[in-house]
Structures are given as structure tokens and as C-alpha cells.
Amino acid sequence: KNGIGIAVLVVAVLAAAWVAAPHVLDWATHTWYTVVRDRDLSASSAVSESASSGAQSTVASEPAASSVPEKEPEPEVKGTDIVTGLWAEVDVTTLTDEAAIRSAARQLKAQGFTLLIAEHRIDWLMGIADRFLYLRDGRIEAEYTPEDLLLLPEKDILHMGLRSPHEGKCLPAPSVLDESPAVLKTAGLSKRIRKEVIFEDISLSVPKGKVTAITGQNGAGKTTLAQILCGLAKQTRGHILIDGKKARAAVRRREIYYCGNDTSTQFFTASVAEELLLNTRLMEESKDRARHLLKEFGLYEYRDAHPSTLSGGQKQRLSIARAIAKHPQIYLFDDSFSALDYKTDVALRRALKAKTDNATVIIVAQRISTVLHANQILVLDEGRIVGKGTHAQLMESCPAYQEIARSQLSQKELNLQKEGE
């Protein structure tokens, strides 16, 4: 009985503590708030009294003007908000280091804090904010997800009184691209594997009928981005649009032909010639086209050979020839020229340009000579796009691109000399 009585008593004490805990916490919080408020109000009173006495002294001695300039009174410190009181010395709007601001906000978010940020500069908030409330004339006029906000035309964003979400990140694309509608766009595209960030907040626009290149150092996330674009891998968050409509992975696999750098998994037939005829109607026209491509790419003499018997460079040429034979809406070449020597690379790119002159082409490559003459080049570094523009623009504005280019190119190529000159 004594044991049961003690157990009942312990349970009763624990229950009372459970009920009283919120009240104790409220009391402690109120006491802390009062201390902070009283401290701030005392400081405010001291400042006010000091300012008043200084003013009286100045009036009394006005006939004999002092040579010492009068000190302006300190601004009043308000203690009406405990959060304001604790963060009064921090003004993020005066910070110029965007990386530091982003890092601090991310840390607070990761620790479970709810962040409410009033800001018109939205570029540094991408990847941090989960939603944007747009205020106009004292009312919430619209609500956007980060992805939806990035899909708005930039002129509309500026008309709303906001700063561009791409501000300070890259040069504007060449004017010729502005005249071409985007066939492929991404908004807020991010990819994480467990806790590792592969890339984050990738927003890009691929103009129709133009060549867009993506470059960067090894490990920058280029291949992962390419595979997500064409539907072979899944993004963690963000949207991908084709012709202005959200495109699922199955749609992207149909509309974008992916030509990867690993040719060991790309061939499915018993001969080189059959690869170009795969999934096509065996008509005389298609056979003639296949023969012409094999000759142009230096593979005609291997037409009856098994693809696995080809060299690395020959396999890449076959992979590119097959891509051309398919007539996709968008070509995506992911480091598809890496096994080619320089002379073959130049000749093949010339032939590729002639065959895909009116097509939309995306080239992913680390070798700058492969992307040198693209209409626009996107530079990926540490999971972010840090530069966009032509080769000449990036050589003036993008340190990451300059580092890659100067380690690979001759002075002649850096000066944008045309091939063959």
C-alpha cells in the first residue's frame, strides 16, 4: 500500500508540473521581456534627459557662441518589441556581403526559426523564402512560390517595384537572344542528395534555335543538371517548362534528345548502320540519310561493325550522328566531344552546326573550345550559375570562367579568332 501511495504521489506531482510548466514559462518570458523593455526605456530616458540639459545649456550661453559644435541627440531607443530589442544593433540592409546574409538566414531557418522578411531585393532570398507575399497600397495583392515568381517576365517584376531576382549574378544575355522565345526554361531548380547540395536555385532560359552552353569545373553539377533537364533524373524542387508549359519527365524525354559522355550504355543494335535506323521507318530516304551521316562522320567503313568494337572517339561520333538522325526539338550534348582530338572536334562541330542550324542545342562541356562560339554560355560553379553571356562578355566579367579559359585556351582563342584562321 505504501508503494502504491508513493507511486500515486509521484504521478500527481508530475501531472502538476506538466500543468504548471506553461505558466512558469510565460512568467519567465514576461519577466525577461520586462527587463529588456525597462533597460531600453531607461536608456531612452537617459538620452532624452541628456539632450534636454544640453539644449538648456546652449540657450543660456547663446550670446557667447561656443566654438565647439553642438552634439545632436541620439535617436530614441524603443523597447516595444523583444525581437527588435535583441536585434537592434543588426541592420541587414546595410550589409554588402550577400553570402553572409544568406548564410545567417539559412542558419536561422535550419534551427527552426520562423523568418518574416520585408524586402524588395529578392535575389538573395531565393532558396530561403518558401513564399512571397506582394503588398500594394497596404494590401496583400498576390502570393507567389519562389518558382512562380521566377517565371514572371523581368519587366513585370521591375514594374512591381521589386529588384530583379537575377541582379548581380550575371551579364544580360546578348540582344539577339532577347528576340528568340525560350523553348526551355527552369525556375528555382534544386537538387540535393541526402544533405549534399548538388546545385541550387538554377533558373535558366534556352532560346529557340540557338546554341546554349553550360560549362564549369569538374564536380560543378553539370551532368546532373543535364540529366534532370532531359528527364533522366529527378529534381528536389523547382519547375521545368517547354514552350511555356510545365513538362513532366516523360515529356522531356520525348522532346529532348540526350547524348551523354558514357557511350557504353547508349547502343542497342548489332551494327553501326542499324543504330542510325533504330526506331525509324525503313524507307529508302532514311537509309540514304543514314549512309550520308556515316560518311560525313567518318564511320561508313565501320557500318557493319558492332558498336562495342569502336574506339572512344568513334563511339562519340556515332552517338552524335544518331542524335542528328532523330530530329528532336532540343539536342542536349553532355560532354559528347571529350574523347575527340582537337582537329576532329572542330570538324565535327562544323558539321553539327550545318545539320542543326535551326535547332535548339544545349552543349554541356568543361572544354572551353567546345563552347567558345555558343550564343550564350552559362557558368556553373559550386552548384550555382555565376555567369551568363557570350565568351567575350564572360572574359570581362566572370572570374570562374576566366580561370577555366586561361588554363585551356591559347591567346589566339582567347582573342576570339575564328577557327581555321
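These legends go with a set of close-up views of a predicted model.

**View 1. Two loop residues with a positive phi.** Start with Asp137, which sits in the loop joining strand E1 (132-136) to strand E2 (139-144). Its phi is near 55 degrees, a positive value, and Asp137 isn't a glycine. Asp137 counts as exposed because its relative accessibility is 74%, and the cut-off for exposed is over 50%. Now hop to His327, in the loop between helix H11 (312-326) and strand E10 (330-334). His327 also isn't a glycine, and its phi is positive too, near 55 degrees. With a relative accessible area of 54%, His327 is exposed.

View 2. Setting aside residues up to four places away in sequence, Thr212 touches Val206, Pro207, Val361, Ile362, Ile363, Gln376 and Leu378.

View 3. Take a look at Cys259 and you'll see a buried residue, with a relative accessible area of 1%. Cys398 counts as buried as well, at 3% relative accessibility. How many disulfides does the structure hold? The answer is zero. If the word is new to you, a disulfide is a covalent bond between the sulfur atoms of two cysteines.

View 4. Side chains of opposite charge can pair when their charged atoms come close. Here the side chains of Glu143 and Arg131 meet in a salt bridge, at 3.0 Å from N to O. This pair links distant parts of the chain: Glu143 belongs to strand E2, while Arg131 is in the loop between helix H3 (98-110) and E1, and the two are 12 residues apart. A search of the whole structure turns up nine salt bridges.

**View 5. A pair along helix H10.** Asp288 and Arg291 form a salt bridge, and their closest N and O atoms are 2.2 Å apart. Why are the two separated by about one helical turn? Because they are three residues apart in helix H10 (residues 284-296). Asp288 is partly exposed, at 39% relative accessibility, and Arg291 is partly exposed at 32%.

View 6. The side chains of Glu255 and Arg254 make a salt bridge of 3.9 Å, N to O. Glu255 is partly exposed, with a relative accessible area of 23%, whereas Arg254 is exposed, at 58%. Elsewhere, you can trace a network of salt bridges linking Arg192, Glu200, Asp201 and Arg384.

View 7. In soluble globular proteins, nonpolar side chains tend to be buried together. The largest nonpolar core in this model has 43 residues, and those with the most contacts inside it are Phe297, Ile320, Phe333, Phe337 and Tyr401. Which helix gives the most to this core? That's H11, with six residues. Zoom in on Phe337: leaving aside neighbours within four places in sequence, its contacts are Gln316, Ile320, Asp345, Leu348, Arg349, Leu352, Ile363, Arg367 and Thr370. There's also a second, separate core of 26 residues, and among them are Val206, Cys230, Ile242 and Ala247.

Conventions
Residues are numbered from 1 along each chain as its sequence is written. This is a predicted model: local features need pLDDT of at least 70, side-chain atom pairs count only at pLDDT 80 or more; totals for chains, interfaces and linings use all residues. Side-chain values use heavy atoms; hydrogens and water are left out. Helices (H or I, at least four residues) and strands (E, at least two) are DSSP runs, numbered from the N terminus. Buried means under 20% relative accessible area, exposed over 50%, partly exposed in between (1.4 Å probe, protein chains only). Contact means heavy atoms within 4.5 Å. A disulfide is a pair of cysteine sulfur atoms within 2.5 Å. A salt bridge is a side-chain nitrogen of Lys or Arg within 4 Å of a carboxyl oxygen of Asp or Glu. A nonpolar core is a set of buried Ala, Val, Leu, Ile, Met, Phe, Trp, Tyr and Cys residues joined through side-chain atoms within 4.5 Å.
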